[in-house]
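Here is a short tour of one protein model. Take a look at the sequence and the structure before reading on.

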Amino acid sequence: MEPSPHRVVVLALPGLLPFELGIPHRIFGRAKDPAGRPLYEILTCGLAPGPVPTDADFDIHVAYGPELLATADTMVVPASYELGPAHEEGRLTDELAAALAHLRPGTRLVSICTGGYVLAAAGYLDGRPATTHWASADHFQRLYPAVRVDPDVLYTDDGDVLTSAGVAAGIDLCLHIVRRDHGAAVANEAARRTVVPPHREGGQAQFVERPMPEPQLATTTAARAWVLDRLHEPLRLTDMARQEAMSVRTFTRRFREEAGISPGQWITGRRVERARQLLEQTELSMERVARESGFGTAQSLRKHVQAALGVSPTAYRRTFRATGGGGGTMPSPDGPSVAAGPAH
């Protein structure tokens, strides 16, 4: 008998943002095993069955009430603009507290944007790292001083509790969860089907100073493409800057403005991704994986994979190799996993 798909229950609260409500359905719904079977079942519930008002000019109809939360393996709370006491007073309403009481111990908890206020009001974030939309971060920290708020990152992963910044960062977080559960190959295919970038590290800055290049302004796009063709080679900042005919200083500043992280962090992240693909899809030795991904030695590979994923390359391969990227669940890292690699 085949195991049932992992059940994701999305809690739709009044004032929700339709875009963010749809993110879990879109991303988790595109995650399939090698035979094309869905790896997740995604259902939506409200505080009661029936219409739920949104911040748009329409309501949505929800078929299930809060009792559905008792069946959740993962609960996702998308953003809402009508969180009431959770946003204003640091507490849950009786109705919301009763809804969350249905959750089973060990349920994975996920928030998108201001959905984090609900997790914080319930006490789930006390002493833990968390993030939210940068515009709400200061208020979030003042209202919930026990939470370790990071206002800069796209998302945080503290094992069984994960939070994201606003809007599209919810896509990044859901892809991260798929990648953690089923490996890079499954997550990348889900991203391709959704036509979004396959991977932005959690530690990338929320606010990118130049998300769209100004007309006629040189960018770092060519340098990044040049690097991706040469991840297995030693890469120098001077060579990257030369691709854009810039000084190293100008290139470094421009890269950080456009990508939100330093060139060194970006390269490390791409090398970790390459290593993941090789570990999942090939039988290459650790020394060969290290060379092909640009880390040089098995020791360096182990250091960077452990830092990024919380497990050794051997453990990662053991988890995902058996089914070609759709295997078991990735062991959770100890503490937050929000960065692509060491700062440069």
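Which residues does E20 touch, not counting residues up to four places away in sequence? The list is P78, A79, I112, C113, G166 and V167. Keep in mind that this is a predicted model. E20 sits in helix α1. Is E20 buried or exposed? E20 has a relative accessible area of 1%. The cut-off for buried is under 20%, so E20 counts as buried.

## The sheet

Now turn to the strands. Six of them form an open sheet, in the order β2-β1-β5-β6-β10-β9. The pairing in this sheet is mixed. Strands β2 (40-45) and β9 (155-157) stand at the edges. Each has a single partner strand, so one of its sides has no neighbour in the sheet. On average, neighbouring strands are turned by 15 degrees against each other, direction ignored.

What holds such strands together? Strands of a sheet pair through backbone hydrogen bonds, either parallel or antiparallel.

| Strand pair | Direction | Bridges |
|---|---|---|
| β1 and β5 | parallel | 3 bridges |
| β5 and β6 | parallel | 4 bridges |
| β6 and β10 | parallel | 4 bridges |

Some partners can be named. V9 has M75 in β5 as its bridge partner. V77 has S111 in β6 as its bridge partner. S111 also stands opposite T163 in β10.

## Strand β6

How many residues of β6 are buried? The count is 5 of the 5, so β6 is largely enclosed by the rest of the structure. Its side chains point two ways. R108, V110 and I112 point one way from β6. L109 and S111 point the other way. All of them are buried.

## Two helices

Helix α1 (residues 18-29) lies across β1, β2, β5 and β6 (108-112). Helix α1 runs at about 160 degrees to β2. Helix α6 (residues 169-182) lies across β2, β6, β9 and β10 (161-164). Helix α6 runs at about 150 degrees to β10.

The two helices also pack against each other. The angle between α1 and α6 is about 25 degrees, and their axes are 9 Å apart. Angles under 35 degrees count as roughly parallel, so α1 and α6 are roughly parallel to each other. Their crossing is right-handed. On the α1 side, the contact is made by F19, I23, P24, I27 and F28. On the α6 side, the contact is made by G170, I171, C174, L175, I177 and V178.

## A serine in a loop

Where is S80 placed? S80 lies in the loop between β5 and α2 (85-88). S80 has 3% relative accessibility, so S80 counts as buried. Leaving aside neighbours within four places in sequence, S80 is in contact with L13, P14, G15, L16, L17 and T114.

The side chain of S80 reaches two backbone atoms. One is the oxygen of P14, at 2.5 Å. Another is the nitrogen of E82, at 3.0 Å. S80 can also be placed relative to L21. The two residues are 59 residues apart along the chain, and their C-alpha atoms are separated by 9.4 Å.

Terms used
Residues are numbered from 1 along each chain as its sequence is written. This is a predicted model: local features need pLDDT of at least 70, side-chain atom pairs count only at pLDDT 80 or more; totals for chains, interfaces and linings use all residues. Side-chain values use heavy atoms; hydrogens and water are left out. Two strands pair if DSSP finds at least two bridges between them. Axes are lines fitted to C-alpha atoms, for helices over the stretch in contact, and angles run from 0 to 180 degrees between N-to-C directions. Contact means heavy atoms within 4.5 Å. Buried means under 20% relative accessible area, exposed over 50%, partly exposed in between (1.4 Å probe, protein chains only). A polar contact is a pair of N or O atoms within 3.5 Å; within protein, one must be able to donate a hydrogen and the other to accept it, and residues adjacent in sequence count only if both atoms are side-chain atoms. Angles under 35 degrees count as roughly parallel, over 145 as roughly antiparallel, 65 to 115 as roughly perpendicular and the rest as oblique. A crossing is left-handed if the near helix is turned anticlockwise from the far one by less than a right angle, and right-handed if clockwise.
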